[in-house]
Amino acid sequence: MAKKFTDEEALQFHMHPRPGKFDIAASVPMSTQRDLSLAYSPGVAVPCERIAAEPGQAYDYTNKGNLVAVISNGTAVLGLGNLGALASKPVMEGKSVLFKRFADVNSIDIELDTEDPDAFCQAVRLMGPTFGGINLEDIKAPECFIIESRLKEEMDIPVFHDDQHGTAVICAAGLINALHLSGKKIGDVRIVLNGAGAAGIACLELLKSMGATPDNCIMCDTKGVIWQGRTEGMNQWKSAHAARTDLRTLEQAMDGADVFLGVSVKGAVTQAMVESMAPDAVIFAMANPDPEITPEEVHAVREDVIVATGRSDYPNQVNNVLGFPYLFRGALDVHARAINDEMKIACAEALAALAREDVPDEVAIAYGRSLKFGRDYIIPTPFDPRLIWRIPPAVARAGMDTGAARRPIVDMDGYQQALKARMDPTASILQGIYARARAAQKRMIFAEGDDLRVLKAAIAYRREGLGEAIVVGREADIRDKLRAEGIEDAMEGLQIVNAAKTDKLAVYKDFLYARLQRKGYDRSDVHRMAARDRHIFSACMLAHGHGDAMVTGATRKSAHVLDQINMVFDARAEDGAVGITALLLNGRVVLIADTLVHEWPNEQDLANIASRGADVARALGLEPRIAFVSFSTFGYPVSERSEKMHHAPHVLDARGVDFEYEGEMTVDVALNPKMQENYPFSRLTGPANVLVVPARHSASISVKLMQEMGGATVLGPILTGLRAPVQIASTGMGAADILNMAAIAACDMA
């Protein structure tokens with residue numbers, strides 16, 4: 001499978017904005033002397049004494065209950081082999097990020113520089129008091145079996161080797177549904193597994209514990225069938241699954257088999273083997289990066305076979321990220337001593353059940369196709385938002401039922417609601433934007449092709465599958481810039497338009513002259529604008545349907561860019577244009593308006609801005625709650641400056657709008673539910689998520705203060721109210737931010 005990025009891009013990703021993939025942030029305030037006294041000496045002595053008296057209280061007073069160690073010695077790094085402990089660190093950091101992203105589990109990577117199982121186990125065991133769970137990763141067989149077995153015996157927290165059990169759980173989930181579609185029972189089917197390593201052995205063990213008949217399970221390795229009495233290439237873990245059979249080769253084993261599970265190598269399965277399998281067979285070709293046999297090769301000879309692979313570009317991906325974050329989430333939340341087979345089976349069954357349910361629209365849109373339970377959809381997708389509140393409760397219940405839980409969950413409904421609220425909605429906001437953009441497949445015009453940031457954003461736009469990227473610039477200049485970055489090959493996917501060489505220039509000039517001739521511009525002015533100003537030229541392209549959306553502004557001040565766009569589109573305050581900026585921080589999303597167009601709006605303008613803000617909020621998946629903010633709250637203190645903010649809600653009253661709004665009020669009243677309790681007459685049912693501010697300068701101050709001091713992620717300003725989707729980036733934006741603006745433009749929130 002061809003990579004969607006260059007080596008240089010991968011290195012840059014791991015280097016910027018600073019080396020590595022995660023930071024550590026304090027979860028408590030540390031701004032006063034009192035905070036310091038509570039966090040450290042003398043306040044810290046109190047929980048220390050409580051934990052010394054009752055060790056279980058470490059889960060109450062420390063982060064132990066939500067902290068997992070991802071530990072490796074680097075002896076089996078991905079498909080790269082024994083790279084050593086240090087070289088495995090990028091992978092372990094990545095695993096830690098996945099824990100946080102998908103299940104809000106804090107995770108630290110630890111790389112142990114030893115291949116001695118005794119030394120490894122000793123080191124991990126001594127770290128037991130720190131963590132709520134241990135995730136072992138990329139350790140070669142057979143040492144991985146020895147290490148996991150010993151640590152499970154020696155430690156009283158979950159120890160989980162994901163390379164084994166993660167694959168097994170997702171494989172089991174998929175097989176439950178594949179057999180459901182095939183009308184077969186797990187106890188009746190004949191299963192052939194190829195690849196007698198850690199993952200393969202774990203898959204077979206879990207399926208046997210779920211009811212697969214041992215005599216119906218054939219395990220193969222590079223030397224053929226593992227049969228009772230075989231001595232070549234054997235060890236105790238293979239011997240445990242040796243079958244009483246006369247079969248000796250994979251080809252013989254496949255004849256009449258119902259299920260094939262592959263965790264081996266590319267090409268291990270032939271079309272002849274597929275043809276020999278039983279009717280309605282199941283093939284899980286999970287070798288990475290290339291499967292034992294591709295779905296195309298299977299379906300060329302058999303249409304009745306259900307196929308899964310380990311790859312994201314085929315249906316039915318067996319992806320470990322569907323398992324380990326949620327297994328640990330459920331285990332941690334009941335303070336489990338271990339992750340046992342019953343918990344793994346509960347995870348698999350919950351995943352299988354979820355795949356049989358209707359798929360939310362946003363998930364289907366994200367994958368660009370209809371997702372409905374059937375042969376091409378037997379396993380949920382990793383970005384299904386329901387995973388976080390469906391899988392951990394099933395794991396937790398199994399932990400409680402089997403006695404693995406130290407602290408059972410009493411209110412399971414409340415636990416599910418807490419899980420729903422736990423994940424940062426800012427991630428889903430961005431995911432939703434990209435899902436809609438991917439579905440729209442807009443031809444995006446990138447107006448400033450002479451800027452490297454814009455070029456990288458255009459490349460990413462295409463590679464992310466969002467649509468066609470049209471770059472305005474000179475081909476030679478673009479090639480030189482990409483060559484200097486070592487990514488010249490990415491140029492092949494870009495459509496480059498040079499304003500001076502396009503045959504559309506005369507059409508654009510005629511259009512501009514007709515639009516501007518009564519505004520003091522003559523034909524020479526129009527020629528200069530159309531041929532030399534990339535913002536105007538790009539806007540003309542958009543106006544004539546030579547692109548579907550446009551992003552610009554990375555190289556010039558937004559006010560100047562907006563003026564240029566006004567030469568082509570009506571983007572002034574009196575035309576109804578509004579700029580709305582989204583601030584994303586600590587799980588909250590707040591929109592601030594107007595941050596781009598209105599310098600000093602009156603009450604009618606403010607009402608218009610509020611309505612635009614409500615539209616954008618809904619487009620981002622939020623139920624709008626509008627607050628007109630000022631330095632006064634409901635008439636006090638009285639000031640001429642706040643009068644328009646006081647009257648703006650009355651304008652909305654007269655219009656009969658269909659969203660919540662209130663004002664005027666200070667920002668703390670707008671955002672803090674406790675403060676809102678002082679005003680029981682307020683029409684807001686919760687914290688405001690759209691703040692309409694008195695003037696553009698106050699909007700700018702608010703956004704930049706939150707960005708610089710608060711660390712908020714900024715999306716926007718999102719330009720709305722135009723008859724075409726145009727977004728204006730800021731001069732300080734990097735390639736990723738420009739890409740976000742392009743995705744917003746593709747969503748067409750105008």
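Is alanine 437 counted as buried or exposed? With a relative accessibility of 0%, alanine 437 counts as buried; the term buried stands for under 20% relative accessible area, exposed for over 50%, and partly exposed for values in between, using a 1.4 Å probe and protein chains only.

The model is predicted: local features need pLDDT of at least 70, side-chain atom pairs count only at pLDDT 80 or more, and totals for chains, interfaces and linings use all residues. Residues are numbered from 1 along each chain as its sequence is written, and side-chain values use heavy atoms, with hydrogens and water left out.

**Domains**

The chain is divided into domain 1 (7-27 + 63-157), domain 2 (166-321), domain 3 (436-567) and domain 4 (577-719). These bounds come from an automatic or database domain assignment. Taken over C-alpha atoms, the centres of domain 1 and domain 3 are separated by 45 Å.

Alanine 437 has its place in helix α19 (residues 425-440). Helices here are DSSP runs of H or I with at least four residues, strands are runs of E with at least two, and both are numbered from the N terminus. Leaving aside residues up to four places away in sequence, alanine 437 touches Leu466, Ala743, Ala746 and Cys747, where contact means heavy atoms within 4.5 Å. Leucine 80 is 357 residues apart from alanine 437 along the chain, and 35 Å separate their C-alpha atoms.

Phenylalanine 160 lies in strand β4 (residues 159-161). Its relative accessible area is 1%, so phenylalanine 160 is buried. Valine 70 is 90 residues apart from phenylalanine 160 in sequence and 9.8 Å apart in space, C-alpha to C-alpha. The residues that phenylalanine 160 touches, beyond four places in sequence, include Ile134, Leu136, Phe324, Leu327 and Phe328.

Phe324, Leu327 and Phe328 are also among the buried residues of α14. Helix α14 (residues 324-333) is mostly covered, with 10 of its 10 residues buried. Just after α14, histidine 335 takes a positive phi of about 50 degrees.

**Helix pairs**

Two packed helices are described by the angle between their axes and the distance between the axes. The axes are lines fitted to C-alpha atoms, for helices over the stretch in contact, and angles run from 0 to 180 degrees between N-to-C directions.

| Helix pair | Axis distance | Angle |
|---|---|---|
| α8 (residues 162-182) and α9 (residues 198-209) | within 8 Å | roughly 50 degrees |
| α26 (residues 603-619) and α27 (residues 643-655) | 8 Å | about 60 degrees |
| α22 (residues 505-516) and α24 (residues 534-543) | within 10 Å | roughly 95 degrees |

Angles under 35 degrees count as roughly parallel, over 145 as roughly antiparallel, 65 to 115 as roughly perpendicular and the rest as oblique. Helices α8 and α9 are therefore oblique to each other. The contact of α8 with α9 has 11 nonpolar, 3 polar and 1 charged residues; Ala, Val, Leu, Ile, Met, Phe, Trp, Tyr, Cys and Pro count as nonpolar, Asp, Glu, Lys and Arg as charged, and the others, Gly among them, as polar.

By contrast in topic, α22 and α24 are roughly perpendicular to each other. Their contact is made by Leu505, Tyr508, Phe511 and Leu512 of α22 with Ile536, Phe537, Cys540, Met541 and Ala543 of α24. By class, these are 9 nonpolar, no polar and no charged residues.

In α26, the residues that meet α27 include Glu603, Leu606 and Ala610. The contact of α26 with α27 divides into 7 nonpolar, 4 polar and 3 charged residues.
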